[in-house]
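Please look over the sequence and the structure shown below before reading on.

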Amino acid sequence: MHSGWLAHYLVRRAEPLNQAYRLARQGDPVQFANTFSCFIRDALDPLMSELDCWSSEHKAALTETAYHCGLAMVRHGWLTSEHQAVSIPLFRELLPAWLAPYPEDAPGMLTRLLNALSHLSGSNQRAHLLAYWKTCLPTPEAAPDTLLVLGWMSGLPQFREAALEGMRRRPELTVVLGLGDPTLFQNPWWQGSQGQWYTSPVVLGASVWLGGEFSSRPQLLTDSGHTFIKAGSDCWQLHVDAFGQALLPQRQDNLEGVPALEYRAAQHRLAPNWREFDEPCQCLERPYDWVVSFHNRYAVMVIPKAGDLR
């Protein structure tokens with residue numbers, strides 16, 4: 001261990017820290033112990049070594065927070081071999097540079113960042129957010145809006161509206177990230193000045209004979225401008241744009257069904273997006289895209305409109 005201070009702290013605070021460890025431990029105790037020991041050695045120790053000039057009070061506060069965060073990361077699989085390539089560099093490289101100027105705010109900043117990362121299911125999504133984060137290194141007061149924007153851009157379309165508000169509050173983000181004119185993001189298929197327009201159809205579910213996300217063929221519903229998908233007894237609100245798609249569970253109260261289409265009545269311009277033997281069932285036109293369900297597929301297809309067509 002490179003940080004003598006950290007070693008001394010862990011010994012001095014052994015009883016309450018070990019109690020937290022016992023409460024968090026689950027599954028194979030040997031594997032849990034080995035994984036958490038690697039976190040102390042490979043993540044927390046390098047972080048505290050880099051912040052050695054801080055006062056003991058500030059180092060202790062951050063260590064306490066990081067220790068408990070590490071337990072949560074082990075418990076939720078963030079330190080498996082698949083995720084170590086993201087989680088360990090986070091502590092070794094990104095956090096020292098970001099937290100160093102803010103010793104008093106550091107525990108809250110760390111917690112806020114890890115909470116945002118927990119909403120992202122895949123290690124690739126987390127790596128995407130952290131790559132953006134390394135470009136910004138936001139101040140404590142700018143961090144909440146930055147997390148909204150970068151979380152949305154990393155695959156959380158349900159944060160879209162909040163992220164656009166954050167971009168309005170933090171116009172410097174569009175400059176740092178090279179996103180171009182922020183007003184263009186009113187169109188959900190705009191990806192920024194480098195990514196341009198997203199034009200490929202998005203498919204949720206897929207199989208003809210096996211349900212994907214859906215236990216039965218999906219039905220389109222609407223309410224107050226929002227789109228919902230009902231399959232069997234389940235219902236979700238659809239969130240989809242250029243940066244990702246999500247189905248969030250939703251109650252079915254006061255939802256209005258979208259009229260079904262005859263096969264020949266499906267809009268001709270949309271037909272190239274599905275297979276010849278597919279039979280569209282419903283087609284909902286929204287300001288920037290169409291949402292289509294099928295008679296013979298457990299699938300919903302979202303088809304972006306080209307460019308900035310309103």
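**Helix packing and selected residues**

In helix α3, the residues Phe32, Thr35, Phe36, Phe39, Ile40, Leu44, Leu47 and Met48 meet Lys59, Leu62, Thr63, Ala66, Tyr67, Gly70, Leu71, Met73, Val74 and Arg75 of α4, where contact means heavy atoms within 4.5 Å. Sorted by class, this contact of α3 with α4 has 13 nonpolar, 3 polar and 2 charged residues; Ala, Val, Leu, Ile, Met, Phe, Trp, Tyr, Cys and Pro count as nonpolar, Asp, Glu, Lys and Arg as charged, and the others, Gly among them, as polar. This is a predicted model, in which local features need pLDDT of at least 70 and side-chain atom pairs count only at pLDDT 80 or more, while totals for chains, interfaces and linings use all residues. Residues are numbered from 1 along each chain as its sequence is written, and side-chain values use heavy atoms, with hydrogens and water left out.

Two packed helices are described by the angle between their axes and the distance between the axes. Helix α3 (residues 29-50) packs with α4 at an angle of about 145°, and their axes are 10 Å apart; the axes are lines fitted to C-alpha atoms, for helices over the stretch in contact, and angles run from 0 to 180 degrees between N-to-C directions. The crossing in which α3 passes α4 is right-handed, a crossing being left-handed if the near helix is turned anticlockwise from the far one by less than a right angle, and right-handed if clockwise. Helices (H or I, at least four residues) and strands (E, at least two) are DSSP runs, numbered from the N terminus, and the protein chain comes to 10 helices and 9 strands.

Helix α6 covers residues 106-118, and its 13 residues reach 18 Å from first C-alpha to last, close to the 18 Å expected at 1.5 Å a residue, the expected span being 1.5 Å times one less than the number of residues. Its buried residues are Ala106, Pro107, Met109, Leu110, Leu113, Leu114, Ala116 and Leu117 (buried means under 20% relative accessible area, exposed over 50%, partly exposed in between, with a 1.4 Å probe and protein chains only). These buried residues of α6 pack against α4 (56-75), α5 (81-99), α7 (123-136) and α8 (143-153). With α7, helix α6 packs at an angle of about 145°, with the axes 10 Å apart, through Leu113, Leu117 and Ser118 of α6 and Arg126, Leu129, Leu130 and Trp133 of α7. That contact of α6 with α7 has 5 nonpolar, 1 polar and 1 charged residues.

With a relative accessible area of 31%, Leu137 is partly exposed. Ser224, in the loop between β2 and β3 (226-231), has a positive phi of about 50° and is not a glycine either; Ser224 counts as exposed, at 67% relative accessibility.

Strand β8 (residues 289-294) holds Val292, which counts as buried because its relative accessibility is 0%. Setting aside neighbours within four places in sequence, Val292 is in contact with residues including Leu220, Trp274, Cys283 and Ile303. In strand β2 (residues 219-223) lies Thr222, which, on leaving aside its neighbours within four places in sequence, is in contact with Phe228, Leu255, Glu256, Val258 and Leu284.
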